[in-house]
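Please open the model in your viewer and keep the selection panel at hand. The tour below goes from one selection to the next and says what is there at each stop.

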2 protein chains.
Amino acid sequence: MLSDSERALARAVLIHGPISRSELTSRLGLSPPSLTRLAKPFLDRGLLVELDDRSDGSVGRPVRPLDVRPGLAHFAGVKITGESLHVVATDVRAALLVYVEVPLRGHEPEVVADEIARAVRALGVDRIAGVGVSLGGEVRDGRVEFAPFLEWTEVPFAQLVEDRLDIPVSLENDLVALAEAERWFGLGRGIPGFAVITIGAGIGYALVVNGSVVHSREAGVGLGGHLPLSTTGPVCHVGHRGCAEAMLTSGSIAAQVSGALQRPLDYDDVLRLAREGHPAATTVVDEAAAALGRFVALAVNLTLQPAVVLAGEGIALFALAEGKVRAAIAADRDPRAEPVRLYVDDSGFSAWARGAATIAIQDAVDRIDLHGEEQDPLPMRGALA
Amino acid sequence: MLSDSERALARAVLIHGPISRSELTSRLGLSPPSLTRLAKPFLDRGLLVELDDRSDGSVGRPVRPLDVRPGLAHFAGVKITGESLHVVATDVRAALLVYVEVPLRGHEPEVVADEIARAVRALGVDRIAGVGVSLGGEVRDGRVEFAPFLEWTEVPFAQLVEDRLDIPVSLENDLVALAEAERWFGLGRGIPGFAVITIGAGIGYALVVNGSVVHSREAGVGLGGHLPLSTTGPVCHVGHRGCAEAMLTSGSIAAQVSGALQRPLDYDDVLRLAREGHPAATTVVDEAAAALGRFVALAVNLTLQPAVVLAGEGIALFALAEGKVRAAIAADRDPRAEPVRLYVDDSGFSAWARGAATIAIQDAVDRIDLHGEEQDPLPMRGALA
DNA sequence: ACTTGTTTCTTTCGTGTTAGAACTAAACCA
DNA sequence: TGGTTTAGTTCTAACACGAAAGAAACAAGT
């Protein structure tokens with residue numbers, strides 16, 4: 001639909017906020033005339049607007065930054081877990097407008113699709129130009145190839161949801177989606193390469209190199225979950241002692257302290273106890289922090305990318321034991337190497353759903369039609385208008 | 001110099017041997033007319049030739065495969081170690097023509113540059129269009145930023161060699177160069193992503209993702225050397241127990257068995273003893289193999305690339321204990337994930353120098369001038385013609 | 001021998017993208 | 001008020017590309 005340069009322009013304006021044509025020339029490697037020409041149809045069709053950036057004191061003609069037209073469109077993002085749907089509405093830059101969690105009544109694809117359609121409608125947001133759906137498992141071309149926790153294989157799930165909502169639906173692996181969100185709109189914006197590590201109910205891992213998310217078959221299989229991180233930690237459900245799942249998942253951390261104290265505790269209880277200095281909780285949390293640090297160090301050393309984004313609903317652990325994490329990184333890191341840059345996304349569950357929305361936004365950019373007759377340049381079909 | 005498509009054509013013919021225009025259309029994503037147009041100047045200037053692929057029995061007009069003109073140019077590659085230079089002459093596809101090792105008399109940049117110039121001249125190969133030099137350390141823009149084993153900092157080494165030879169000189173980190181060689185002409189040809197692990201006097205690591213070698217500052221610092229691979233192994237010189245250097249370097253393996261047997265042995269002795277079933281050597285070799293397997297598994301799990309190229313002068317270890325390596329990989333690998341594809345480059349030291357030559361070849365492609373007046377389209381200055 | 005069919009490659013030509021030169025626009029400054 | 005600086009526009013020529021049609025070279029059938 002769009003030419004390469006048009007797509008690049010659309011992405012740059014979307015990602016780098018209001019931005020002048022002259023800055024775009026250097027960022028896209030195009031000449032000023034090309035920017036004038038490329039921007040025109042976007043302005044004519046009402047996708048972009050020129051801002052009035054009144055004089056800021058510098059000499060020269062003032063810039064007329066380009067920006068996405070306010071209220072142009074909204075997007076929905078849905079992350080499916082085994083227990084519930086996390087659903088968000090966002091603007092075109094994946095900024096959060098609404099966030100709700102909806103319990104899942106069943107795991108059958110039709111039931112989940114029904115729930116998603118109902119939840120997206122219930123958001124009460126108009127002009128939804130796309131819906132992104134993410135889940136843990138292998139995804140290809142709108143189909144869920146394999147999702148262990150839902151027990152799905154070969155489910156054409158994007159179509160199921162699209163049938164119910166009449167809005168374009170994009171489906172992606174949850175970690176790829178999260179990495180895309182961090183890369184376009186999140187903490188990884190402008191960083192050419194970084195790893196994403198999530199902790200929570202499970203362990204997640206994704207990788208960005210040379211400005212693009214690694215999409216190989218490997219991505220999304222959950223390979224980070226059983227990395228060996230400790231020789232003395234607990235055992236995970238497939239028998240690895242001290243693997244990432246055993247050391248870092250909320251469930252395993254809660255179970256360790258519950259066992260020590262002989263009373264049921266959840267993850268938040270453990271963090272609270274650790275913050276209060278309770279010895280058993282502190283030991284477990286510190287060991288988890290050291291394992292996280294080792295995970296980070298391994299990722300950085302083997303991906304050759306000196307930046308890591310930490311996310312996931314259990315990431316509060318980091319704030320509680322940042323020193324231990326950094327000490328563990330330093331221990332496994334060559335002192336001559338660059339220091340590791342850590343970015344913490346503590347937005348919890350909504351980050352997952354914003355990731356899903358980001359996929360919908362990316363696909364919407366590719367659907368823009370600047371040269372078609374009359375019709376809406378950003379097709380959004382039903383769109384809950 | 002060349003347009004993107006011209007460069008893509010040159011690379012494709014170089015890498016994929018004699019290749020027809022019609023196959024190039026699909027590989028480069030261009031139309032048949034474009035291939036005719038793009039190939040013409042290469043043929044006119046004598047860089048490429050059309051082969052006479054006489055009828056092979058299939059119907060249709062016979063293909064006229066394009067190939068690099070035989071004898072168009074040669075290249076030299078030099079790998080600098082602390083003790084010697086490994087010097088090769090190659091053809092345009094980095095195939096080995098001559099290989100010599102020259103002891104180094106000193107570590108001063110001028111001395112090393114003198115030795116390189118002398119060795120390259122002594123190769124006795126004409127039409128050398130470029131010299132590639134690689135070494136362990138940080139390299140940028142023809143300068144050695146930092147090379148610990150030579151004790152160099154901020155040495156404009158490419159210029160030093162170029163002054164002596166009057167041939168374009170390309171300088172690169174040794175592992176980046178090796179990875180480029182595997183990607184263009186070696187075992188990684190056609191594989192979009194893979195890790196390179198070398199064992200020998202030291203441990204090396206490089207990474208290819210999305211068809212390009214990771215060039216970040218991190219690459220070439222030697223970050224793979226101290227990965228924790230065993231909790232019971234020996235201690236490396238900076239005090240890590242069971243790290244990659246302690247488990248896998250020739251020196252450490254030889255020292256372990258020498259200690260056990262109370263007599264001096266070198267690496268080859270150890271491999272021979274292990275092959276003969278000597279218990280101490282077998283134990284050490286098997287543990288090294290397990291460590292190598294764990295290294296591979298970590299790399300694959302964290303880079304999300306399911307292929308690994310093993311190289312380095314000590315890689316004979318792999319043939320001796322392949323089963324142990326594969327068992328260790330399987331143990332650290334999710335059974336749902338793709339099996340790891342292992343490729344073993346057992347060409348030893350010359351692989352390093354061929355890597356250096358590959359860098360010179362890549363740079364030479366970028367120097368091709370199809371549209372200049374009269375002069376040689378592949379500039380090679382002095383070239384020892 | 002002749003035709004038909006198949007595949008590869010080439011020629012012609014129109015389209016769309018690009019950058020360069022020259023120009024206009026809008027501010028500040030002296 | 002007119003010079004300076006920076007931003008953006010108009011016009012144009014160059015270029016790269018692909019669609020369509022044609023040419024080349026062979027195989028296989030009639």
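Leaving aside its neighbours within four places in sequence, which residues is Gly77(A) in contact with? Gly77(A) is in contact with Val88(A), Thr90(A), Gly132(A), Ala353(A), Arg354(A), Gly355(A), Ala356(A), Ala357(A) and Ala360(A), where two residues are in contact if their C-beta atoms, placed from the backbone, lie within 7 Å.

Before you go on, note that this is a predicted model, in which local features need pLDDT of at least 70, side-chain atom pairs count only at pLDDT 80 or more, and totals for chains, interfaces and linings use all residues. Residues are numbered from 1 along each chain as its sequence is written, while chains are lettered from A and ligands numbered from 1 in the order in which they are written.

**Stop 1: around Gly77(A)**

Select strand E3 (residues 74-80) of chain A, which holds Gly77(A); helices (H or I, at least four residues) and strands (E, at least two) are DSSP runs, numbered from the N terminus. Gly77(A) counts as buried because it has 33 C-beta neighbours inside 10 Å; the label buried requires 20 or more other C-beta atoms within 10 Å of the residue's own, exposed 12 or fewer, and partly exposed a count in between, with C-beta atoms placed from the backbone.

**Stop 2: the domains of chain A**

Colour chain A by its domain assignment, which gives domain 1 (4-68), domain 2 (74-180 + 350-367) and domain 3 (189-344); such bounds come from an automatic or database domain assignment. Taken over C-alpha atoms, the centres of domain 1 and domain 3 of chain A are separated by 40 Å.

**Stop 3: two loop residues**

In chain A, select Asp141(A) in the loop between strand E7 (138-140) and strand E8 (143-147), where its phi is near 55°, a positive value in a residue other than glycine. Asp141(A) is exposed, with 8 other C-beta atoms within 10 Å. In chain B, go to Arg127(B), in the loop between helix H4 (109-122) and strand E6 (128-135); its phi is near 50°, also positive in a residue other than glycine, and with 14 C-beta neighbours inside 10 Å, Arg127(B) counts as partly exposed.

**Stop 4: where the chains meet**

Show both chains together: 31 residues of chain B are in contact with 31 residues of chain A. On the chain B side, strand E12 (203-209) and helix H10 (279-303) each supply at least two residues, and H10(B) gives the most, with 5 residues. Because 100% of the interface residues of chain B are also interface residues in chain A, the copies meet through the same surface.

A rotation of 179° with 0.0 Å of shift along its axis superposes chain B on chain A (RMSD 0.1 Å), by least squares on the C-alpha atoms of residues with pLDDT of at least 70 in both. The two copies are thus related as by a two-fold rotation axis. Of the residues of chain B, Thr303(B) comes closest to that axis, at 2.8 Å (C-alpha).

**Stop 5: the DNA strands**

Around DNA strand C there are 24 residues, of which Arg61(A), Pro33(B), Thr36(B), Gly60(B) and Arg61(B) come nearest; a residue is near a strand if its C-beta atom, placed from the backbone, lies within 6 Å of it. Finally, of the 22 residues around DNA strand D, Pro33(A), Thr36(A), Gly60(A), Arg61(A) and Arg61(B) come nearest.
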